[in-house]
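Subject: Handing over a structure, with notes on what was found

Dear colleague,

I am passing on to you the structure shown just below, and I would ask you to keep it open while you read the notes that follow it.

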Amino acid sequence: MSAPRVGRASLQAKLHITTLSRGIKSKARRPAQSTYVSNTKYFNSTSRPATNYLPSTKTSQPQRQTPPKSELQRFQGRIRTEQEATQKKTYHGISPRVLTFLGITALTISTYTGYLYASYTREVSKAQSLDVPTDVSDRYNSTAPTFDAEVELSEKAMRMGTKRAELVRMARGDVLEVSCGTGRNLEYYELGERRGVDSEGKGVIKGCRTLTLVDLSPQMVAITEEKFRQLRPEFTRVLFRAQNAATVPVEKPLVTKTSDVDTQGAREDRYYDTIVQTMGLCSMPDPVATLQHLGSITEPNRGRILLLEHGRSYYGWLNRILDNLAPAHADRHGCWWNRDIGAIVKESGLEIVEEKRWHFGTTWKYVLRPRQEGDKKA
Ligand SMILES: C[S@@+](CC[C@H](N)C(=O)[O-])C[C@H]1O[C@@H](n2cnc3c(N)ncnc32)[C@H](O)[C@@H]1O
């Protein structure tokens, strides 16, 4: 027998002796257990000298010994005891690890809430100390180059693209967009007239025959024009003007008389078929007068004014926040975000064809038309 083999054999012998003695001890401790009886049998039937358990040195590798059952039982017992101890340590069945996680989360949230509240109260006192004029529309001259980048994320989060598209696709005929800003609606216009059917199946002319885009800020108009030339270079019946929406005249792009679509008789050159405005009422000093003027240049029968605006919410708590921070927001961004759009529309005297609100009621959609002569008298 080589030296390592001798070492292994004596080690195994020791192992068995230890196992044996453990088995005997456990027997002494738990005499009533039936499984123990079978273990005892095992030990009794094999109570030969330890060397008898050794594998033949000649034959091969040592065989793996099945651990005596008492060992297994002791191991299972220890696991059970540990599990019971862990359960005893829980609070209402929640483990300490989960409790620690919840504690840290609660602490983080409360710290952050405290920070937000402190910042909010600081901003409110700063905002209330400002003396901001009602007309803040000049702010857009300086913010025009960064406007798109500033609003992009919030517009995406609020899915404003879908709302703009839904509104602007209704534009037809000779179209005027006021307060066009950086031309965020351009991609949604159906340019060029075509025959179609309305919701009642009647034949109608759809799409824009001409498009006129105006904004008070020349910087904004320049950005819109550049965007349009890149986006829709094929459409030439378009005009860009730096003009006030409150006084904008009817000036349409020149169109040759032989239109590719029969436009059902002569058009009134005093009116637009559709006037679009998105996020504009918040920026003008007299939104009611502006709407009234727009009503006066909208075709009286089938003409429509399409609005997508932002302003007061349905909720008092949110309106308080908007009110408290309004002067600072207006001073910085040129927009009074706490206006009651519904009240402005009502005061304008225009007829409401459709009204919708989203985002806690702060986003307002309106389809308006000039009030009919008969209705005005009533
Ligand atoms: C909040 S931005 C909205 C821009 C764009 N309509 C949009 O939806 O992104 C308001 C725009 O209204 C323009 N504006 C403010 N007062 C105006 C007025 N009286 N007439 C025409 N445009 C005006 C500003 O120059 C600015 O471009």
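Of the 378 residues in the chain, 25% are buried, where a residue is called buried if 20 or more other C-beta atoms lie within 10 Å of its own, exposed if 12 or fewer do, and partly exposed in between, with the C-beta atoms placed from the backbone. Please bear in mind that this is a predicted model, in which local features need a pLDDT of at least 70 and side-chain atom pairs count only at pLDDT 80 or more, while totals for chains, interfaces and linings use all residues. Residues are numbered from 1 along each chain as its sequence is written.

The secondary structure of the chain comes to 11 helices and 9 strands; these are DSSP runs numbered from the N terminus, with helices (H or I) of at least four residues and strands (E) of at least two. Among the contacts in the chain with a separation of 6 or more, 72% are between residues 24 or more positions apart, a contact being two residues whose C-beta atoms, placed from the backbone, lie within 7 Å.

The sheet

An open sheet is built from 7 strands in the order E5-E4-E1-E6-E7-E9-E8, and its pairing is mixed; two strands are said to pair if DSSP finds at least two bridges between them. Strand E5 (238–242) and strand E8 (351–358) stand at the edges with a single partner strand each, so one side of each has no neighbour in the sheet. On average, neighbouring strands of this sheet are turned by 15° against each other, direction ignored.

Strand E4 (residues 208–215) is joined to E5 by 5 bridges, and the two run parallel; aspartate 215 has alanine 242 of E5 as its bridge partner. Helix H6 (residues 160–168) packs on the sheet, where it touches E6, E7 and strand E9 (363–369), and its direction makes about 165° with that of E7. Such angles run from 0 to 180 degrees between N-to-C directions, the axes being lines fitted to C-alpha atoms, for helices over the stretch in contact.

Which strands pair with E6? Strand E1 (residues 173–177) is joined to E6 by 3 bridges and runs parallel to E6, with glutamate 177 opposite valine 276. Strand E7 (residues 304–310) pairs with E6, also in the parallel sense, over 5 bridges, and here valine 276 stands opposite leucine 306.

Strand E6 (residues 274–278) is mostly covered, since 5 of its 5 residues are buried. In a regular strand the side chains alternate between the two faces of the sheet. In E6, Thr274, Val276 and Thr278 point one way, whereas Ile275 and Gln277 point the other way, and all are buried.

Methionine 279 counts as buried because it has 21 C-beta neighbours inside 10 Å.

The ligand

How many residues surround the ligand? There are 20 of them, and the closest are Tyr140, Ser179, Gly181, Ala245 and Thr278, where a residue is near a molecule if its C-beta atom, placed from the backbone, lies within 6 Å of it. This shell divides into 10 nonpolar, 8 polar and 2 charged residues; Ala, Val, Leu, Ile, Met, Phe, Trp, Tyr, Cys and Pro count as nonpolar, Asp, Glu, Lys and Arg as charged, and the others, Gly among them, as polar.

Two helices

The axes of helix H5 (residues 139–157) and helix H7 (residues 218–231) come within 7 Å and cross at roughly 30°. H5 and H7 are therefore roughly parallel to each other, a term for angles under 35 degrees, while those over 145 count as roughly antiparallel, 65 to 115 as roughly perpendicular and the rest as oblique. Their contact is made by Tyr140, Asn141 and Ala144 of H5 and Gln219, Met220 and Ile223 of H7, and these residues divide into 4 nonpolar, 2 polar and no charged.

A loop residue

Histidine 359 lies in the loop between E8 and E9, and its phi is near 55°, a positive value in a residue other than glycine. With 15 C-beta neighbours inside 10 Å, histidine 359 counts as partly exposed.

With best wishes
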